[in-house]
Amino acid sequence: MLWYKSWEETRWRFLIGLVVLMCSAVGTVVAYPQLVKLLPLAPRLDLSGEIGRRVTEAIELAREYRGYVWSQWFRQNMMQMWALFAVLLGTGGLLSQASGGGTLFTLSLPATRNRLLGVRAATGLAELLVLAFIPSLLLPVLSPAIGQAYGIGDALIHSACMFLAGAVFFSLAFLLSTVFSDIWRPPLIVLCGAAVLALCEPVLPGLSRYSLFRVMSAEVYFRGGGLPWLGLFASAAVSVAMLYAATRNIARQDF
Amino acid sequence: MVADPSIVETTELRKSYDDVEAIRGLNLQVPAGSICGFLGRNGAGKTTTIKVLLGMARPTSGQARVFGLAVDAQQASLDIRRRTGFVSDDKDLYGYMTVEGMIRFTTAFFPRWRGDLERRYLRAFELPVGRKVKALSRGMRTKLALLLALCRGAELLILDEPTSGLDPAMTEEVLQALVTHVASEEMTVFFSSHQIAEVDQIADRVVIIHRGQAVLTGSLDDIRQNFRRIQLVFDGDAPEPAFRAPGVKRVWRKGRVLTVLSSEGADGILDEARALSPVSVDVVPVTLKEIFLETVATED
């Protein structure tokens, strides 16, 4: 029944995330024919600087459907929205108002704190897994409708990387929710951290190869390299460490 | 006669939050089958004691046992909670669940859940099963919290201010339900309150806690029997005697009247008082409210 409780507490965040991501995936596919029509105008644009370089790169990538999907969906729309919902799903738990109250009632049940937290984390991660895969799998399904094709293998690999690396955001929000009892500070801190991380990429290009976002979008894989094993392993290790810290933090707390 | 074993027992229990000592060497025994009222002023340490007993807070030092199990051992704490019904002070349940959902959720944790009692209390409390908990009034929420505690098939009920925030009619209804339940099911009840009237009404045993220490413990009958106010009236100003008899809790003079509060009957004090040649001597019983106020005042 703890699963039911966790589901009840998170289902609206999850369902809203699923609908938003699926709509965005559909939008990404159906927008491509329009984009193709606009591509001949692109060389006339005068683009300079880091942002200009990125726009130019996006235009170049868009000339090929696989590049467009990666650039527009996995590196941009999905990554931003999925990270946001990872933070939102990680927020809440035993201490938080976001869990609908009843902390003392929960603690009076014959269930260990580790179990309470474990079920909450597992539910959130399972929901994130669905958010990572289902919208992305719409791409290979819908692409034939616009006369394009997108490999299901690519969709699965990018989704898996998104989940494994992006779970860091979930875990950090989860950990902070065991520190702060209000519903605002954990997501705000994580989102601010994510924004700083994102801004570091154009400002400090040298560090971008170590960027978490680069691992999430599986850029190396897209550009023909292998899977970013080191990044994935490091991200997963950080996530596990933060989830473990959350359990230790709750275990030592008085309520 | 063998004394009833203690279901709840604490020895020199201490609990500190940072620099604040919430419990300061609490010694407590709640015998099996008793209804024990845990009386104390706001901030006396009642809720902290209950949280320690249920594993929600860890003792700083000393021992606390429930059913003979140490409350700070993880597995033992699980066993304690499996055998204990609990109603918290805030009656905070899951606002997003319906009454029925809340019951089904709780049922899953207690293999000895009493379906017959659940049906009985649903009817008696007139709980709307389809309504969300967040839409219930405080009284209804209290009743639901009580149902969830009573139907667990628990051997011990721990109730933290069970009637706080309820109107008198609702308070009476809740207390009656509690008394009826305890009369029909063999169980021990440990309930905290600062409402002396309700402790007087349903408890057979009382513990008064003040500043984290138990300052009075015993059966309510014994306490009522032993506490006496002895009023001595003199011809002139009352003297300032130093009574040697045991149990003198407080002595106060006002003009010709000397009043003695005793916790161990009046006989010893009367023997000494007669030597002072009072013109009249009255021995009157003391209410629980007076005992509480005097005990707390004496400790201050």
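Student: How many helices and strands does the secondary structure of chain B come to?
Tutor: Keep in mind that this is a predicted model. Along its principal axes, the C-alpha trace of chain B spans about 70 × 45 × 40 Å. Its secondary structure comes to ten helices and 14 strands.

Student: What is the mean pLDDT of chain B?
Tutor: For the model as a whole, the scores are ipTM 0.86 and pTM 0.85. In chain B, 98% of the residues reach a pLDDT of 70 or more. The mean pLDDT of that chain is 90.

Student: What percentage of the residues in chain B is buried?
Tutor: Start with the contacts in chain B that have a separation of 6 or more: 70% of them link residues 24 or more positions apart. As for burial, chain B has 300 residues. The buried part of them makes up 40%.

Student: Are α5(B) and α6(B) roughly parallel or roughly antiparallel to each other?
Tutor: Helix α5 (residues 138-150) of chain B and helix α6 (residues 168-184) of chain B have axes 11 Å apart, at an angle of about 10°. On the α5(B) side the contact uses Gly139(B), Thr142(B), Lys143(B), Leu146(B) and Leu150(B), and on the α6(B) side Met170(B), Val174(B), Ala177(B) and His181(B). Those residues divide into five nonpolar, three polar and one charged. An angle under 35 degrees is what counts here, so the two helices are roughly parallel.

Student: Is Arg141(B) buried or exposed?
Tutor: Arg141(B) sits in helix α5 of chain B. Leaving aside neighbours within four places in sequence, Arg141(B) is in contact with Lys91(B), Leu93(B), Val133(B) and Leu136(B). There are 22 other C-beta atoms within 10 Å of Arg141(B), so it counts as buried.

Student: How many of the eight residues of α1(B) are buried?
Tutor: Helix α1 (residues 46-53) of chain B is mostly covered. Its buried residues include Lys46(B), Ile50(B), Lys51(B) and Leu53(B). Just after this helix, Gly55(B) takes a positive phi of about 80°.

Student: Is Asp18(B), with its positive phi, buried or exposed?
Tutor: Phi of Asp18(B) is near 50°, in a residue other than glycine. Asp18(B) is found in the loop between β1 (6-17) and β2 (20-31) of chain B. Because Asp18(B) has 5 C-beta neighbours inside 10 Å, it counts as exposed.

Student: And where in chain B is Ser277(B) found?
Tutor: Ser277(B) has a positive phi of about 55° although it is not a glycine. With 10 C-beta neighbours inside 10 Å, Ser277(B) counts as exposed. Ser277(B) is found in the loop between α9 (267-274) and β14 (280-285).

Student: Last one: which element supplies the largest share of the side of chain A that touches chain B?
Tutor: Across the interface, 18 residues of chain A are in contact with 20 residues of chain B. On the chain A side, α1 (2-38) and α4 (103-107) each supply at least two residues, and that side divides into nine nonpolar, six polar and three charged residues. The largest share is four residues, and it comes from α4(A).

Key
Residues numbered from 1 in each chain as written. Chains lettered and ligands numbered in written order. Predicted model: local features only at pLDDT ≥ 70, side-chain atom pairs only at ≥ 80, totals over all residues. Contact = placed C-beta atoms within 7 Å. Nonpolar A, V, L, I, M, F, W, Y, C, P; charged D, E, K, R; others polar. pLDDT = per-residue confidence, 0-100. Axes fitted to C-alpha atoms, helices over the stretch in contact; angles between N-to-C directions. Parallel < 35°, antiparallel > 145°, perpendicular 65-115°, else oblique. Buried ≥ 20, exposed ≤ 12 C-beta atoms within 10 Å, placed from the backbone.
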